[in-house]
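Me: Hi! I have a protein model open and could use a hand reading it. Can we go through it together?

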Amino acid sequence: MARSTQLLHPARTAAAVRPAATVLLLRDGPNGVEVLMTRRSATASFAPGAYVFPGGGIDAADQAAHPHARRRATQSDLHLTQAIAAIRESFEELGILLARHANGQMANTADIAALDRQAPGENFAAQCVARGLTLAADEVFVLAHWITDRDLPRRFDVPFLVARMPDAQTPVADEQEQFEPVWVRPADALSRHAAGDFFIIFPTIRTLERLQHYASVDSVLAACASEQPWFTSCPRAGWLAGQEVRYMEHESPFGELALTCPDGQIAHHLDWQSDQPVLLLKNVQRLTAPNPGVMTGPGTNSYLVGDPDTGYAAIDPGPADPEHLDRLWRAAGGHIRYIVCTHSHPDHSPGAAPLQALCAQHGHTPPVLGLSSQPTARAHSNFTPDRELANGELLVLQGHGTTHTLRVVHTPGHAANHLCLVLEEDGLLFSGDHVLNGSTTVIDPPDGNMADYLSSLDQLLAACAQNRIEFILPAHGYVLGNLWDEAHDARACITHLKNHRLKREAKILGVMQKHPNGSMDDWVQQAYDDVPPRLWPVAMRSLLAHVERIRGLG
């Protein structure tokens, strides 16, 4: 984990979460699945004026009502309690009652009229029993699991549940907490929200985005049969284009927000720019070169590790862009002790020599470190460092009682001379092009080698375990990691990447076996049919790398 002394913002304690439950009541409409939503009071303490699904807090009476509810054999005690709470809340707020008589008939309007919606919650189950009703908790399924963002003053741990709307029942809002019940297709709710006339909050948006792809209520319920939520999320927030934005764990900016604002502070700006350094920790700055493109994403990330007392290591100075190199030099206050290139590709290493010369003009010449390009490298990737870095070598920055240690990890695969760096004290991995955010790196033979690449991923997994690495700082894209407070979040990213590569390779093998006489053009169209055709020329390089590995394995 990053040292607390290097965090950008003072630690703070997030508000405690309270258990709650909400339920999406669904029906099949003429144009697809519809969900029941209702508008919250404008004076509500949480999400005032937003359109939501019925729900609320879980209390002790919900757990005590287990004997009065039907349950599935696979339904846990926790999920049963949550289902009962959702049934109670949908009754109190909208007059919808998911309960059945002994003969299996669903509660009807006469049953609903006979019950007191204003009675205390602890009386709900008893009222149903007196009417001969059993709560239909077995018909309520777990859809998703949300935990309120760390920055908000009121926080909930809430499953989003799902159930079929009972026939012959009509929602009637309580006109206290909820108003204006409405049936709406998920896609229509999202478009109305985008137009500004149907306010919904982030968890509702993301849930509807997933729900809109289902054609029927049956298909939704079938997708919930595992008893596991589709996802679990505690979002994080930052700033983009002057607007507050939120992201889930699988979205590319999430790891960067987790590193820079671990306690949920809304302080980090996600806009890509090349004019100013971006602080990621007190001892880590990122400067993105102004070379955006298909292969470079928003640009090549140069990193400065260190502080004014220890001096700095400059990682991947990037292209030989004088203005970028000047900004890099100035961000380090001219105190650059090492210039390290992760590999020799033209968007990474050409800036090393001119940056060194810039430092020399001011009285200090830091060594350029890395691995020499191999004969397999293309002409524009020719690179010879002042000194070769050994696998496992330590680059140490020290000053005034502070130490920053970078350990070298040789990682051939993307390039024969590729290496990564581990910042040991803070559990950070500088991955160069070996691990990227938002795309998979191209393996381009002969300098690229898929077998070496996969083996290097295993080396990085071992490094993550050794140093409890949580975050990966790639040469392109935002910081990766902290997917869901796992013990070793970077390992989850690398494992996912390796599995993705092997899955692609299995697809390529299947295409090769089905079309043994096919050309590379034939194979790339079928093996990369999920990739836009404009990217097939790039995919062709990795396809060749996979084919070479497959043939090497026999």
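Me: Let's start with glycine 299. Which residues does glycine 299 touch, not counting residues up to four places away in sequence?
Reply: Glycine 299 touches Thr288, Ala289, Asn291, Pro292, Ala475 and His476, leaving out residues up to four places away in sequence. Contact here means heavy atoms within 4.5 Å.

Me: What should I know about where these values come from?
Reply: This is a predicted model, where local features need pLDDT of at least 70 and side-chain atom pairs count only at pLDDT 80 or more, while totals for chains, interfaces and linings use all residues. Residues are numbered from 1 along each chain as its sequence is written, and side-chain values use heavy atoms, with hydrogens and water left out.

Me: Thanks! Is glycine 299 buried or exposed?
Reply: Glycine 299 counts as buried because its relative accessibility is 0%. Buried means under 20% relative accessible area, exposed over 50%, and partly exposed in between, using a 1.4 Å probe and protein chains only.

Me: And where is glycine 299 found?
Reply: Glycine 299 sits in the loop between strand 14 (284-288) and strand 15 (301-307). Strands (E, at least two residues) and helices (H or I, at least four) are DSSP runs, numbered from the N terminus.

Me: New topic: what order do the strands have in the open sheet of seven?
Reply: The order is 13-14-15-16-17-18-19, with mixed pairing. Two strands pair if DSSP finds at least two bridges between them.

Me: Which are the edge strands there?
Reply: Strand 13 (278-281) and strand 19 (387-388), each pairing on one side only.

Me: How do strand 16 and strand 17 pair?
Reply: Strand 16 (residues 311-315) and strand 17 (residues 336-340) pair in the parallel sense over four bridges. Alanine 314 has isoleucine 339 of strand 17 as its bridge partner.

Me: Switching to helices, how do helix 11 and helix 12 pack?
Reply: Helix 11 (residues 450-467) and helix 12 (residues 489-514) have axes 9 Å apart, at an angle of about 160 degrees. That makes helix 11 roughly antiparallel to helix 12. Axes are lines fitted to C-alpha atoms, for helices over the stretch in contact, and angles run from 0 to 180 degrees between N-to-C directions. Roughly antiparallel means over 145 degrees, roughly parallel under 35, roughly perpendicular 65 to 115, and the rest are oblique.

Me: Which strands does helix 12 lie across?
Reply: Helix 12 lies across strand 23, strand 24 and strand 25, and runs at about 60 degrees to strand 24.
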